[in-house]
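Please look over the sequence and the structure shown here before reading the notes on individual residues.

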Amino acid sequence: GKMAEGETFESHMEALRKIAALRERMEELKTVKERVMNLTEFVDLEDFLLDQYRQERKSLLLEKEVHLSIIRTIMTDVQMLEGLITKAEDKKKEANQRLQKVIVEDYEPLKDEINQKRESLQLPLLPSIQKEVDQEMSSYLEKRRKEWIESVPGGDGLNR
């Protein structure tokens with residue numbers, strides 16, 4: 001009977017060692033499982049953040065396109081105005097040349113002739129054309145100033 005008892009005792013001890021080893025492995029599994037759960041949570045968070053970043057990038061790229069479109073429109077408008085300015089400068093230059101031609105070929109000789117006749121009749125000479133232009137500009141500016149004053153609320157141009 002002693003042999004059977006020893007075997008039973010040994011087999012019980014072996015079973016206890018196996019259970020202890022199993023418990024140890026179960027604790028390791030629990031630790032590893034916690035790491036898996038923590039890393040899974042971290043990966044999910046990074047995934048969420050990546051989605052947020054990508055969404056923000058997408059909206060910024062759309063905003064950039066809108067601004068680029070506005071800039072392209074402005075550049076087109078500037079180019080169009082450059083063309084208009086060049087044409088207007090050319091027209092002004094031509095008009096100035098025609099003006100000088102009329103002054104030199106028509107106005108000055110006629111005015112000189114008239115002034116000679118006025119002088120011979122002892123009448124005052126005609127004013128210079130620049131004086132007349134200056135007077136006209138002055139009265140035009142005065143008229144504009146009065147119109148502006150009348151357009152201001154209160155009608156007298158005074159700040160109250």
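The report below takes up a predicted model and goes through its helices, the loop between them and a charged surface patch.

Helix α1 covers residues 2-120, and E41 is one of the residues found in it. With a relative accessible area of 59%, E41 counts as exposed, because the cut-off for that class is over 50%. E41 also belongs to a negative surface patch, which it forms together with D44, D47 and D51.

When residues up to four places away in sequence are left out of the count, N115 touches L125 and L126.

## The loop between the helices

Q122 lies in the loop between α1 and α2, where its phi angle is near 60°, a positive value in a residue other than glycine. The relative accessibility of Q122 is 75%, so this residue counts as exposed, given the cut-off of over 50%.

## Helix α2

Helix α2 runs over residues 129-151 and includes K143, which is exposed, with a relative accessible area of 52%. Along the chain, K143 and T76 are 67 residues apart, and in the model a distance of 38 Å separates their C-alpha atoms.

Technical notes
Residues numbered from 1 in each chain as written. Predicted model: local features only at pLDDT ≥ 70, side-chain atom pairs only at ≥ 80, totals over all residues. Heavy atoms only, no water. Patch = residues over 30% accessible without salt bridge, like charges linked within 9 Å, V, L, I, M, F, W, Y side chains within 5 Å. Areas by Shrake-Rupley, 256 points an atom, 1.4 Å probe, with all protein chains shown as cover. Salt bridge = Lys/Arg side-chain N within 4 Å of Asp/Glu carboxyl O. Lys, Arg positive; Asp, Glu negative; His and termini not counted. Charge placed at Lys NZ, Arg CZ, Asp CG, Glu CD. Helix = DSSP H or I, 4+ residues; strand = E, 2+ residues; numbered from the N terminus. Buried < 20%, exposed > 50% of the residue type's maximum accessible area, 1.4 Å probe, protein only. Contact = heavy atoms within 4.5 Å.
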